[in-house]
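Here are a few friendly notes to read alongside the model. Take them one point at a time, and find each residue in the viewer as you go.

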Amino acid sequence: MADLFLNGFNTLSHGVVGYVVPFLFVLTIVVFFHELGHFLVARWNGVKVLTFSLGFGPELAGFNDRHGTRWKISAIPLGGYVKFFGDDSEASTPSTDSLSKMTAAERSVSFHHKKVGPRAAIVVAGPVANFILAIVLFTFLFAVFGVPSTSPRVDNIQPGSAAEAAGFQPGDVVLTIDGSKIQSFLDMQRTVGAEPGRQLNFTVQRGASTVELKATPELREIKDRFGNVQRLGILGISRSTSAGEVTTERVNPAAAFWMGIKETWFVVDRTFSYIGGLFAGREAADQLGGPLRIAQISGQVATIGFTPLLHLAAVLSISIGLLNLFPVPLLDGGHLMFYAIEAVRGRPLSERAQEVGFRIGLGLVLMLMVFATYNDIRHLAFS
């Protein structure tokens with residue numbers, strides 16, 4: 001086990017510059033917009049913001065704005081926080097004793113003296129900002145760089161594959177899958193890849209005829225160009241491309257915006273499918289990654305170009321937005337759960353109950369971080 005951790009550390013240290021710089025770029029963008037969502041909605045609701053921090057721990061640099069907010073960069077760049085007037089900690093936990101001693105003027109700008117609606121809006125604004133950032137990034141990429149496309153034509157069929165069993169033939173062009181229009185080979189790959197073990201209905205163009213086929217993608221482990229393993233649904237078909245067959249379609253901003261929304265929803269849907277697959281036993285927990293894995297992928301993607309790095313930032317922004325909405329105390333979703341209970345009861349939970357909840361939430365988050373970091377180190381050691 002010691003060798004495993006040592007190998008993982010050595011692998012990471014060899015590429016520290018190549019990993020860390022892209023990682024910090026991606027994570028800083030995502031965290032900044034998440035906290036900016038909290039910050040802006042808090043200001044709009046008259047809440048005084050004491051601190052806006054990128055990172056945790058000791059302050060490295062910072063300044064005070066004219067409203068008295070301390071903007072700072074902290075030493076541990078693995079997140080960030082916004083601390084409101086009335087918060088007892090960076091996790092927005094309240095202190096009943098200190099809140100009860102506030103003057104009327106202080107209560108007017110205290111987060112915890114606002115009604116449930118404004119508090120919930122402030123909390124949910126962080127994850128919403130992450131989704132908005134993803135849509136903006138996708139829209140920018142589609143509008144400026146265009147969308148590469150290859151027709152969904154079947155050129156080769158692997159012997160013994162699901163495609164062969166379903167009756168696919170070379171030259172077939174896939175028109176729809178389960179009624180959804182397929183516009184490119186990538187569309188087909190992503191749809192099939194997300195549905196291993198589930199029978200799909202295909203409409204294909206075969207010469208002058210339209211044929212209906214049924215196929216069940218097989219679950220396989222596929223390695224990408226960097227050696228990262230993914231579990232995907234595979235039909236066993238491939239596409240041969242020649243010069244001029246791969247086109248890049250530029251779209252107008254309105255169309256790019258709608259595509260950005262659909263791309264964001266695709267990531268959300270795929271994430272929930274993965275979580276559901278974990279509980280159903282279809283997916284493996286070793287795909288869960290933490291900061292080390294994100295750093296590695298950021299460095300790998302950065303070698304391809306700036307555009308893929310922005311795409312990664314959009315995907316990571318969605319992931320962080322979703323994670324924060326889970327109903328776990330300490331996360332934004334946990335706060336929203338407490339506010340929902342408060343709205344039903346007509347009064348907040350006791351300070352003791354909230355304290356116990358935050359301790360449970362902290363334990364769950366720490367266990368998840370330890371497990372994800374263990375997966376990261378194993379992945380680095382064997383990659």
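**Notes on the predicted model**

1. Val-356 belongs to helix 12, which covers residues 351–382. With a relative accessibility of 33%, Val-356 counts as partly exposed. Here is a handy rule for reading helices: an α-helix has 3.6 residues a turn, so residues three or four places apart point the same way.

2. Strand 7 (residues 200–206) pairs with strand 5 in the antiparallel sense, over four bridges. To find one of these contacts, look for Val-174, whose bridge partner in strand 7 is Val-204. Strand 7 also pairs with strand 8 (residues 209–215), again antiparallel, over seven bridges. In that pairing Gln-205 stands opposite Thr-210 of strand 8.

3. Strands 7 and 8 form a hairpin with two residues between them. Gly-207 sits in this turn and has a positive phi of about 65 degrees.

4. How many salt bridges does a search of the whole structure find? The search gives 11. One of them joins Arg-206 to Asp-172, with 2.8 Å between the closest N and O atoms. Arg-206 lies in strand 7 and Asp-172 in the loop between helix 6 (162–166) and strand 5 (173–177), so this pair ties together parts that are 34 residues apart in sequence.

5. A second salt bridge brings together the side chains of Asp-178 and Arg-198, at 2.9 Å from N to O. This pair links distant parts of the chain, 20 residues apart: Asp-178 is in the loop between strand 5 and strand 6 (180–181), and Arg-198 is in the loop between helix 7 (185–193) and strand 7. Asp-178 is partly exposed, with a relative accessible area of 34%, and Arg-198 is partly exposed as well, at 38%.

6. Arg-198 has another partner to look for. Its side chain meets that of Glu-195 in a salt bridge, also 2.9 Å from N to O. Glu-195 counts as partly exposed, at 24% relative accessibility. Elsewhere, salt bridges that share partners join Arg-153, Asp-155 and Arg-239 into one network.

7. Helix 10 (residues 306–325) has 20 residues, which at 1.5 Å a residue should span 28 Å; its end C-alpha atoms are 29 Å apart, so the two values agree. Its buried residues include Leu-309, Leu-312, Ala-313, Leu-316 and Ile-320.

8. Helix 11 (residues 332–345) passes the same check: its 14 residues should span 20 Å, and the end C-alpha atoms are 20 Å apart. Which residues of helix 11 are buried? They are Asp-332, Gly-333, Gly-334, His-335, Phe-338, Tyr-339 and Glu-342.

Methods:
Residues numbered from 1 in each chain as written. Predicted model: local features only at pLDDT ≥ 70, side-chain atom pairs only at ≥ 80, totals over all residues. Heavy atoms only, no water. Expected span 1.5 Å × (residues − 1). Buried < 20%, exposed > 50% of the residue type's maximum accessible area, 1.4 Å probe, protein only. Salt bridge = Lys/Arg side-chain N within 4 Å of Asp/Glu carboxyl O. Pairing = 2+ DSSP bridges.
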